[in-house]
Amino acid sequence: MIVGKAKPVEEVVDMVQGYQRILVVGCNSCVAVCMAGGEKEVQVLASALRLAFRAKGREVQVEEAMTERQCEVEFVDTVRDKVEKAEVVVSMACGVGPQTMARRFPDKAIYPGINTSFMGQPEELGVWSEQCGGCGDCVLDQTGAVCPIARCSKRMLNGPCGGAQNGKCEVGNDTDCGWQLIYDRLKAIGQLYRLEENIPARDWRTDRDGGTRRIVREDVRA
Amino acid sequence: MSERSEDKAAEPAQEKVWKSGSRLERLLAKGEFVVCGEMAPPQSADGSVIERKAENFKGFVDAVNLTDNATGIVRMSSIACSALAIEQGLEPIVQMTCRDRNRLALQGDILGAFALGARNVLCLTGDHQSMGNHPQAKNVFELDSIQLVDMVRRMRDEKVFQGGDELKVEPRIFIGAAENPFADPLEFRAPRLGKKVAAGADFIQTQAVYDLERFGKWMDMVRERGLHEKVAIIAGVLPCRSARGLEYQKTSVPGMSVPDELIGRMKAAEKPEDEGVKICVEIISQLREIEGVRGVHIMPVMWERILPAVVEQAGLLPRPEVGDEG
Amino acid sequence: MNGRLVVFCCERSGIPAWRQAEAGGGLPEAMQVVSVPCAGRIGVVNLLKAFEEGAAGVMVFACMQDSCQSLRGNVHAEKRTESARQVLAAVGMAPERLECHTISPPMAQEFRERVWAMMGKVGVEESKG
């Protein structure tokens, strides 16, 4: 799932400084699951905005709304009425949400209420970690289903580097060494032989380096 | 006499084809125990620093590494310093990391380094920038050290760019890589050396050795695989000047193994600097006894002026002449 | 701000303590008690809404450590109080206006003292009579 974290309240207050009628829209999908932009978080931000502006001596109207997903126009349309009544919209969906809303409501200022970070999973309640590098050319078959691009701080394909110690990465923060994980996994499934081959320089065109990406499926296009 | 024997008599003696012809390569080929040093480039635009630093290395080492934004701290580039070092009569080993450059820049830099007279390169993945003075930077890391070694080897031996185009004049460079016998997972460190050899490494420099037992175990595994015959292993040493400095390496430098006994000696010493040199010299002499160790790489971090003393006390002077080995 | 103190009380600890304190007399008039089945039911937004509705100060009384019937309700209450305090600080309000305490049923005097301390802190004028 996509994982993010609510922006600091001060940042959002700054963004919507000059406005009277503000709409905060959350999303019931990924960001609700990672507790960044679900209904509760929308309520907290809306409340915080009201308190913030009152402390500055201003009364503002802060409305709240939710979309099931904010990456598709059909879902975004369900909040059309509220959007049209507002002067500005703060979207608490992942980065895709505000952009979808902006395309749908081209004359409305849409601002981000969360910082979208990565594709990852919950390790335990309250802890999420990055798992997928989104590289467009998956090699999990070669690495025991541990992503060398997301989980190695240096995106190495022939890791580990010389800085790994006790299964931890040299960047600190208790970050796991991705290649220790790969090594352990390959050992567990009897595929250590894979590490004997040198993986050649990667073609990064399928990643962001090839330009903004787009997938077109002619077979399913209308 | 038959025509054939006449032809044979007329054949010139076989000339050795050097990969680079560098002093380092020639000495290793002669079977000499080589001595490498390491110079930290200045954290400023003052190139004259190299001239001053050169005094600590000239005549004491066979080649000297110029680091490449090591530990993520910005310094004058390794290639620029290597060119300045050549002016001072030193043979540089250009260090190149994959942290700050993509394959375009790396290849361009190899061509430039060669054109400026450099003949040795050490291919590294590179320290993560989070530990340096520009942690906010985006990193590159689009190649790793093994892919870099492979790329440089192909430029030199196959005369081809990584993208496939032909290279008209190839960089005849002696290719090095690093390996850390003390990092985890331990059991993979010798196989990983094998990968670097397969990629084309001509020489290897290791992380600083304090833990001779662990280093010995690594060398056992390396010899088991016959790697010591395929690549010249140059063991790293780091002369330490204080107990605190040694402790710092033990606790704060990733991938270092420092026996407590050595820290004890430094703490107990009346003159820690002298003890530090003594320890370094002891380690060097023990390394010389290990089969497969072809030289020593002295890294006098923040203490470059001590290098001449270490080399002298280790009995490594004078440095050999490089003749016209054929 | 209307000068009210909103006091969220866990029905197992805060409420009995409050009732005892009330029976003994001397609790501020400008105090509104909200009963909750467990302090863990209080969300960050409930605390913020109390301020939105004009409270000068907000308090939470939860069961003491290891006494929570829901096991960790009191822990959640403390964490959420902290989150709400951070929001207050971010919007220019004093985080000291929000407090979370643990309490047990017989502690009427402590309840009384804490409530009056908060009243004094948030500057609500009232006689103790």
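Biologist: Which residue is the bridge partner of Cys9(C) in β3(C)?

Modeller: The general idea is that strands of a sheet pair through backbone hydrogen bonds, either parallel or antiparallel. In this case, Cys9(C) is partnered by Phe61(C) in β3(C). Bear in mind that this is a predicted model: local features need pLDDT of at least 70, side-chain atom pairs count only at pLDDT 80 or more, and totals for chains, interfaces and linings use all residues. Residues are numbered from 1 along each chain as its sequence is written, while chains are lettered from A and ligands numbered from 1 in the order in which they are written.

Biologist: How many bridges do strand β1 and strand β3 of chain C pair over?

Modeller: Six bridges, with β1(C) (residues 4-10) and β3(C) (residues 55-63) pairing in the parallel sense. Two strands count as paired if DSSP finds at least two bridges between them. As for the names, helices (H or I, at least four residues) and strands (E, at least two) are DSSP runs, numbered from the N terminus.

Biologist: What order do the four strands of the open sheet in chain C have?

Modeller: Read across, they go β2-β1-β3-β4, with parallel pairing. At the edges are β2(C) (31-36) and β4(C) (98-103), each pairing on one side only. From one strand to the next, the twist averages 20°. Across β3 and β4 of chain C lies α3(C), which runs at about 165° to β4(C). Such angles run from 0 to 180 degrees between N-to-C directions, and the axes are lines fitted to C-alpha atoms, for helices over the stretch in contact.

Biologist: And the open sheet of chain A, what order does that have?

Modeller: Its four strands follow β3-β2-β4-β5, again with parallel pairing. The edges here are β3(A) (61-67) and β5(A) (109-112). Between neighbouring strands the average turn is 25°, direction ignored.

Biologist: Which chains share the most contacts?

Modeller: A contact means that the C-beta atoms of two residues, placed from the backbone, lie within 7 Å. Of the two pairs of chains in contact, A and B come out on top. Chain B brings 29 residues and chain A brings 25. The chain B side has 13 nonpolar, eight polar and eight charged residues. Here Ala, Val, Leu, Ile, Met, Phe, Trp, Tyr, Cys and Pro count as nonpolar, Asp, Glu, Lys and Arg as charged, and the others, Gly among them, as polar.

Biologist: Where does chain C come in?

Modeller: Chain C puts 12 residues against 13 of chain A. Six of those from chain C belong to α2(C), which gives the most to that side. Chains B and C do not touch, and their nearest C-alpha atoms are 25 Å apart.

Biologist: At what angle do helix α5 and helix α6 of chain B pack?

Modeller: About 45°, with the axes of α5(B) (residues 103-115) and α6(B) (residues 145-158) 11 Å apart. The two helices are therefore oblique to each other. Angles under 35 degrees count as roughly parallel, over 145 as roughly antiparallel, 65 to 115 as roughly perpendicular and the rest as oblique.
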